[in-house]
Amino acid sequence: MSRRDKLFDLPIYKKAELILDLVNSLLNTISEEDEYLNATKYMMRDDAAIICAKIAGAEGGDMYSIRMQNAAIIRDHAMHLYVQVGSLRFHDSFKDTDYVTLIRKEIDEFRELFINWAPIVTGKQIGRAHV
């Protein structure tokens, strides 16, 4: 099995891809006319895409420092995405709150996968409370 195939088979990578797909679907429901939501949607897409790329980088890297840095970046972007998606509920022109619930549920599941994956990829234990 190639490294690429192993990456695509990882549960954390599959979950990250699912989140990216959901965010892309969410983007289609947001009007281009709302300046705030329009800016926010691209930040959400970027966060989801970076998570996928950094998982690939961490899995492909052979250096501890690169793996650890990627794990920290993944954690940061996942938290940012969680907050950005949740903030949509408070915007008057956003009506598709089912997306908020669904994406946040998937990010919560991603968090559990991350907690199990990060020590493996970095070779170190991380604190559960900080993920």
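In which kind of crossing does α2 pass α3? Helix α2 passes helix α3 in a left-handed crossing. That term applies when the near helix is turned anticlockwise from the far one by less than a right angle, whereas clockwise makes a crossing right-handed. Before we go on, please note that this is a predicted model, in which local features need pLDDT of at least 70 and side-chain atom pairs count only at pLDDT 80 or more, while totals for chains, interfaces and linings use all residues. Residues are numbered from 1 along each chain as its sequence is written, and side-chain values use heavy atoms, with hydrogens and water left out.

Let us stay with this pair of helices. Helices are DSSP runs of H or I with at least four residues, strands are runs of E with at least two, and both are numbered from the N terminus. Helix α2 covers residues 11-29 and helix α3 covers residues 35-60; their axes come within 9 Å and cross at roughly 165°. An axis here is a line fitted to C-alpha atoms, for helices over the stretch in contact, and angles run from 0 to 180 degrees between N-to-C directions. The two helices are therefore roughly antiparallel to each other. That label is for angles over 145 degrees; under 35 counts as roughly parallel, 65 to 115 as roughly perpendicular and the rest as oblique. Contact means heavy atoms within 4.5 Å.

Now follow the chain to the next helices. Helices α3 and α4 pack at an angle of about 155°, with their axes 8 Å apart, and they are therefore roughly antiparallel to each other. Here too, α3 passes α4 in a left-handed crossing. Helix α4 (residues 64-87) and α5 have axes that come within 10 Å and cross at roughly 165°. That makes α4 roughly antiparallel to α5, and α4 passes α5 in a left-handed crossing. Among the residues that meet there are Tyr64, Arg67 and Tyr82 in α4, and Arg104, Phe110, Phe114 and Trp117 in α5.

Rings of Phe, Tyr and Trp (its six-membered ring) pair if their centres lie within 6.5 Å; planes under 30 degrees apart count as stacked, over 60 as edge-to-face and the rest as tilted. By this rule the count comes to three aromatic pairs. One of them joins Phe8 and Tyr13 in a tilted arrangement, 5.5 Å centre to centre with 35° between the planes. Phe8 is partly exposed at a relative accessible area of 33%, whereas Tyr13 is buried at 11%. Buried means under 20% relative accessible area, exposed over 50%, and partly exposed in between (1.4 Å probe, protein chains only).

Phe114 and Trp117 form another tilted pair, with ring centres 5.9 Å apart and planes at 50°. Both lie in helix α5 (residues 97-122), three residues apart, about one turn of the helix. Phe114 is buried, with 3% relative accessible area, and Trp117 is buried, with 6%. Ring pairs link Phe110, Phe114 and Trp117 into a cluster.

Lys15 is in helix α2 and counts as buried at 14% relative accessibility. Leaving aside neighbours within four places in sequence, Lys15 is in contact with Glu106, Glu109, Phe110 and Leu113. Tyr36 has its place in helix α3 and is partly exposed at 42%. Not counting residues up to four places away in sequence, Tyr36 touches Gln84, Ser87 and His91. Tyr36 and His91 are 55 residues apart along the chain, with their C-alpha atoms separated by 9.2 Å.
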